[in-house]
Amino acid sequence: SGDGIIAITAGKNFGARAVGIEFNPKMAEFATQRAKKEGVADKVTFINGDIFVEDFSKATVVTMYLLPTLNLRLRPTLLDMPPGTRIVSHAFSMQEWEPDQTSTAGAGSAFMWIVPAKVAGEWDIKGLEGAAQGKLKLHQSFQQVGGTLTVAGVTQPLLGAHLRADKLSFRVLGSENVMQSMEATVSGGQFSGLHKAYGTSKSVEATRL
């Protein structure tokens, strides 16, 4: 958390509760005193600790100003956080994990990622067209997803597959060349949502095999 300015600004301007983790004990103390001067010590605290040891899994937003090597070392921990957690990095990216949003101000840049649900694998789906049972195969690279849907022995590629946090959506060309769509919420090894075809919507559920 360095000199604490990000955490302090979050508390002062937005009322956020923030915990800063700083490896340098003198800097952690400096940030603590700064929070007191800014009148946010009741919302913002700093600890002298190691980001690779401390547990910050309950955070809804993680802000970082780390060198690229440290970003990559921390990346597995960030990807294990609950889907929808926002990760914001000043200046440095995380290589092939492309940001969901990039902001620039002057010569500076900031990157934001939204932790995606882990959806890769095979899923059994109930509630499709004609009450048929389908098999969904998904491959995943961070928030990028794709795959196929097999119903009644016919396999079709997913079109426009999109994953944001725990929300998964895609389209597929069904029988009689009718475009169908699905929107679902993923929770661990289950997901539920709506399957739309022929102008109607049906509830669907799926279980990961």
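Two strands are taken to pair if DSSP finds at least two bridges between them. Helices (H or I, at least four residues) and strands (E, at least two) are DSSP runs, numbered from the N terminus. The model is predicted: local features need pLDDT of at least 70, side-chain atom pairs count only at pLDDT 80 or more, and totals for chains, interfaces and linings use all residues. Residue numbers start from 1 along each chain as its sequence is written, and side-chain values use heavy atoms, with hydrogens and water left out.

**The β-α-β unit**

Strand β1 (residues 18–22) and strand β2 (residues 44–48) pair in the parallel sense over 5 bridges. Within this pairing, Glu 22 stands opposite Asn 48 in β2. Together with helix α2 (residues 25–37), β1 and β2 make a right-handed β-α-β unit. Right-handed here means that, with the strands pointing away from the viewer, the path from the first strand over the helix to the second runs clockwise. Of the 5 residues of β1, 4 are buried, which leaves the strand mostly covered. Buried stands for under 20% relative accessible area, exposed for over 50%, and partly exposed for values in between (1.4 Å probe, protein chains only).

**Helix α3**

In helix α3, Asn 71, Leu 74, Arg 75, Leu 78 and Leu 79 are buried. These residues lie on the same side of α3, because they cover an arc of only 145 degrees around the axis. The arc is taken from the directions that run from the helix axis to the C-beta atoms. Thr 69 and Arg 73, on the other side of α3, are exposed. The buried residues of α3 pack against β3 (61–64) and β4, where contact means heavy atoms within 4.5 Å.

The length of α3 agrees with expectation: at 1.5 Å a residue its 12 residues should span 16 Å, and its end C-alpha atoms are 16 Å apart. The expected span of a helix is 1.5 Å times one less than its number of residues.

**Salt bridges**

Side chains of opposite charge can pair when their charged atoms come close. A salt bridge is counted when a side-chain nitrogen of Lys or Arg lies within 4 Å of a carboxyl oxygen of Asp or Glu. The structure holds 7 salt bridges, among them the pairs in the table.

| Salt bridge | Closest N and O atoms |
|---|---|
| Glu 96 with Arg 75 | 3.2 Å apart |
| Lys 118 with Asp 80 | 2.4 Å apart |
| Lys 137 with Glu 122 | 3.8 Å apart |

Glu 96 forms a salt bridge with Arg 75. This pair links distant parts of the chain, with Glu 96 in the loop between β4 (86–90) and β5 (101–105) and Arg 75 in helix α3 (residues 68–79), 21 residues apart. Glu 96 is partly exposed, its relative accessible area being 46%, whereas Arg 75 counts as buried at 14% relative accessibility.

Lys 118 forms a salt bridge with Asp 80. Lys 118 lies in the loop between β6 (108–114) and β7 (121–126) and Asp 80 in the loop between α3 and β4, so the pair ties together parts that are 38 residues apart in sequence. Lys 118 counts as partly exposed at 48% relative accessibility, and Asp 80 counts as exposed at 55%.

Lys 137 forms a salt bridge with Glu 122. Here too the pair links distant parts of the chain: Lys 137 belongs to strand β8 (residues 134–141) and Glu 122 to strand β7, 15 residues apart. Lys 137 counts as partly exposed at 42% relative accessibility, and Glu 122 is partly exposed with a relative accessible area of 32%.

**The loop between β4 and β5**

Besides Glu 96, the loop between β4 and β5 contains Ala 91 and Gln 95. Phi of Ala 91 is near 80 degrees, a positive value in a residue other than glycine. Gln 95 is not a glycine either, and has a positive phi of about 55 degrees. Ala 91 counts as partly exposed at 31% relative accessibility, while Gln 95 is exposed with a relative accessible area of 54%.

**Gln 190**

Gln 190 is placed in strand β14 (residues 190–197) and counts as partly exposed at 43% relative accessibility. Not counting residues up to four places away in sequence, Gln 190 touches Trp 123, Thr 185, Ala 206 and Thr 207. Gln 190 and Trp 123 are 67 residues apart in sequence and 8.6 Å apart in space, C-alpha to C-alpha.
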